[in-house]
Amino acid sequence: MSGDFNHVTMNKVLPTFKQYVSCPTREEKTLDLMYANIKDAYIPSSLPPLGRSDHNLVHLKPCYVPLVKRKPTTTRTVRRWSEEAYEALQACFEVTDWPALCEPHGEDIDGLTECITDYINFCVDCNVPARTVTCYANNKPWITKDIKAILNEKKRAIRDGNHDEVRRVQGELKHKIREAKDTYRRKLENKLQTNNMRDVWSVVAWGWKVAWTGPMN
């Protein structure tokens, strides 16, 4: 709630609200006030008057900094697995002379394991294309490339002013988000059933972080 309060304060009417304007708004008086039901939400500062007004402007800067700005972005490399990539990798393994890789190590299990692992990774690097993606701190774990593509469609429709297309894309977006959340839920339930607690805990920790550092309502 904001306005020009000449001789009135809302402290008794709204005892749970906080008044944020502490700088002078007209000469040396603070007449323009702003009440909010969230504590420590804004930092006030005075700006020059607009036009011929005799009241200063008040800039209220939110104290909250979005998670995406608090934490730096990270990049990671992901593999683009496809039927063609699987077939190429399988063909690579079929023509491999496995005895030539295994025999030199004899009974050295550690050396054999390292050799086979390095060779498999080499084959994957040669046959499965990779790309670098940027990860933001506020990325949702259930967001897929299909949802991102639909979001881009919605942005284009809004930019073109096509309201019918916006409604159509919005309906498709809701359906895809519902599907993605359901798929992610089943994936998490499967990890619980298989006692894969490391991945489950990473998801729970992410949820707690969002709950504690998310935007104020």
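Good morning. I begin with a pocket: W142, I143, I147, K148, L151, N152, K155, L173 and I177 line the second largest pocket of this structure. The structure is a predicted model, in which local features need pLDDT of at least 70 and side-chain atom pairs count only at pLDDT 80 or more, while totals for chains, interfaces and linings use all residues. Residues are numbered from 1 along each chain as its sequence is written, and side-chain values use heavy atoms, with hydrogens and water left out.

Let me say what a pocket is here. On a 1 Å grid over the protein atoms alone, a pocket is an open set of points with protein on both sides within 12 Å along at least five of seven lines, and a lining residue has an atom within 4 Å of a point. Rolling a probe the size of a water molecule over the atoms shows where empty space is left. The second largest pocket holds about 180 Å³ of space, a volume being the space filled by probe spheres set on grid points joined across faces, edges and corners.

Which helix gives the largest share of this lining? It is α5, with five residues. Both α5 (145–160) and α6 (163–193) supply at least two lining residues each. Helices (H or I, at least four residues) and strands (E, at least two) are DSSP runs, numbered from the N terminus. Sorted by class, the lining has six nonpolar, one polar and two charged residues. In this scheme Ala, Val, Leu, Ile, Met, Phe, Trp, Tyr, Cys and Pro are nonpolar, Asp, Glu, Lys and Arg are charged, and the others, Gly among them, are polar.

I now turn to α5 itself. Helix α5 has 16 residues and reaches 23 Å from its first C-alpha to its last, close to the 22 Å expected at 1.5 Å a residue; the expected span is 1.5 Å times one less than the number of residues. Its buried residues are I147, I150 and A157. Seen down the axis of α5, these residues fall within an arc of 80°, so they line one face of the helix. The arc is that of the directions from the helix axis to the C-beta atoms. Buried means under 20% relative accessible area, exposed over 50%, and partly exposed in between, with a 1.4 Å probe and protein chains only. The buried residues of α5 pack against α6, whereas the face turned away carries the exposed residues K145, K155, R159 and D160. After α5 comes G161, with a positive phi near 75°.

Helix α2 (residues 83–94) has 12 residues and spans 16 Å between its first and last C-alpha, close to the 16 Å expected. Within α2, A85, L89 and C92 are buried. They cover an arc of only 55° around the axis, which puts them on the same side of α2. What covers these buried residues includes α4 (109–127). On the face turned away from the buried side are the exposed residues E83, E84, E87 and E94.

Let us move to the loops. T25 lies in the loop between β2 and β3 (32–36). Is T25 buried or exposed? T25 counts as buried because its relative accessibility is 0%. Not counting residues up to four places away in sequence, T25 touches T30, L31, D32, D54, H55, N56 and V58, where contact means heavy atoms within 4.5 Å. One of these partners, H55, sits in the loop between β4 (42–47) and β5 (57–62). H55 has 15% relative accessibility and therefore counts as buried.

The loop between β2 and β3 also holds E27. E27 is exposed, with a relative accessible area of 62%, and has a positive phi of about 55° although it is not a glycine. Most residues other than glycine have a negative phi. D40, in the loop between β3 and β4, has a positive phi as well, near 55°.

Finally, the overall view. The protein chain comes to seven helices and seven strands, in the order β-β-β-β-β-α-β-α-α-α-β-α-α-α. Of its 217 residues, 19% count as buried. Among contacts with a separation of 6 or more, 51% join residues 24 or more positions apart. Thank you.

Methods: On a 1 Å grid over the protein atoms alone, a cavity is a set of points where a 1.4 Å probe fits but cannot get out, and a pocket is an open set with protein on both sides within 12 Å along at least five of seven lines; lining residues have an atom within 4 Å of a point.
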